Amino acid sequence: MELGSRREGQQRQPLRHRRQKRVTAISPIVKYSLFVFTFFFWLIAGALLGIGIYARVEKGQVNAVVDLLADPAIVLIVVGSLAWILGFFGCVGALRENICLLKTYCYVLLILFVLQLVGAILGFVFSDKVEGQIGNLVETAIEKYRDDIDLQNLIDWTQKEFQCCGGENGFKDWHQHNRYFNCSDGNMSRERCGVPYSCCRPEGEEVVINTMCGYDFAPDTTPTEAVDRIYIRSCIFAVADWARENLFLLGGIAMGLAIPQLVGILLARVFINQIEDETELANQEAQL
């Protein structure tokens, strides 16, 4: 009996030794690389969400725009919220080695990447329809110009930066789509038949901006008559021309957005495979 027990102990000892020496299938490099990547992603999303909430609260609810695409604050809140939740799944999933959270993070990121890719291809193929939709969006933005300070600042920056005014119909869009600038007889606004100051051509080296420089146009003013005072080029065409002239820059920006998503998908997929391998090895050992 004593000899049999001794032999049984000698057989168990190498087995325990082999179990202690087994190398785990999970790589700490992959695990913490994924965590750092998703944590950085999560911080950026939190910053976007915070900025959007702050901007929305500062504007209040009296004249706040409720149109999603016409309110930069709402866009930031929606995008920031979705990215924050996705980053949270990635961070917690990486630290806790939770396959469910990691698969959610990986597949949602993959779906978003595919949607962006398909959207870019469709936008290129159906550029005319896209331009029409952009025109409708610009008209909505012009209509809401005085109702949202963030939207107003965005429009003013665009018109000054690209030296343009209005949407598809140029400065006439302000007379047609904005209740403060339209030329109707019932409009008693001082801005009647005018355009925002950002449409005005600069007069020398202005120290103080003349915010009334775009006022007092006649209802039948032609672009030829207005060209000395304001920009008459459509902002849609101006931005489109700029995009055609800076294709390499836009391509670089697109790659800068695509590569981090692909890295996140790849790291998550590799880590998921490692967790599954580790689980399989543990199950095999438990059966020994």
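Analyst: Searching the whole structure turns up eight salt bridges, a salt bridge being a side-chain nitrogen of Lys or Arg within 4 Å of a carboxyl oxygen of Asp or Glu. Bear in mind that this is a predicted model, where local features need pLDDT of at least 70, side-chain atom pairs count only at pLDDT 80 or more, and totals for chains, interfaces and linings use all residues. Residues are numbered from 1 along each chain as its sequence is written, and side-chain values use heavy atoms, with hydrogens and water left out.

Let's start with arginine 179 and aspartate 147, whose closest N and O atoms are 3.2 Å apart. Arginine 179 sits in the loop between α7 (172-177) and α8 (223-226) and aspartate 147 in the loop between α5 and α6, so this pair ties together parts that are 32 residues apart in sequence. The helices here are DSSP runs (H or I, at least four residues), numbered from the N terminus. Aspartate 147 counts as buried at 18% relative accessibility, while arginine 179, at 46%, counts as partly exposed. For those labels, buried means under 20% relative accessible area, exposed over 50%, and partly exposed in between (1.4 Å probe, protein chains only).

Next up, arginine 190 and aspartate 216 meet through their side chains at 3.0 Å, N to O. Both partners are in the loop between α7 and α8, yet the pair links distant parts of the chain, 26 residues apart. Here arginine 190 is partly exposed, with 47% relative accessibility, and aspartate 216 counts as exposed at 53%.

Then there's arginine 192 with aspartate 185, where the closest N and O atoms are 3.6 Å apart. Aspartate 185 is exposed, its relative accessible area being 73%, whereas arginine 192 comes out as partly exposed at 27%.

Beyond those pairs, Arg233, Asp241 and Arg244 are linked in a network of salt bridges. As a general point, side chains of opposite charge can pair when their charged atoms come close.

One more stop, for a bit of context: α5 and α6 also show up around the largest pocket. Among the elements that give two or more residues to its lining are α5 (127-143), α6 (149-162) and α9 (235-245), and α5 gives the most, with 10 residues.
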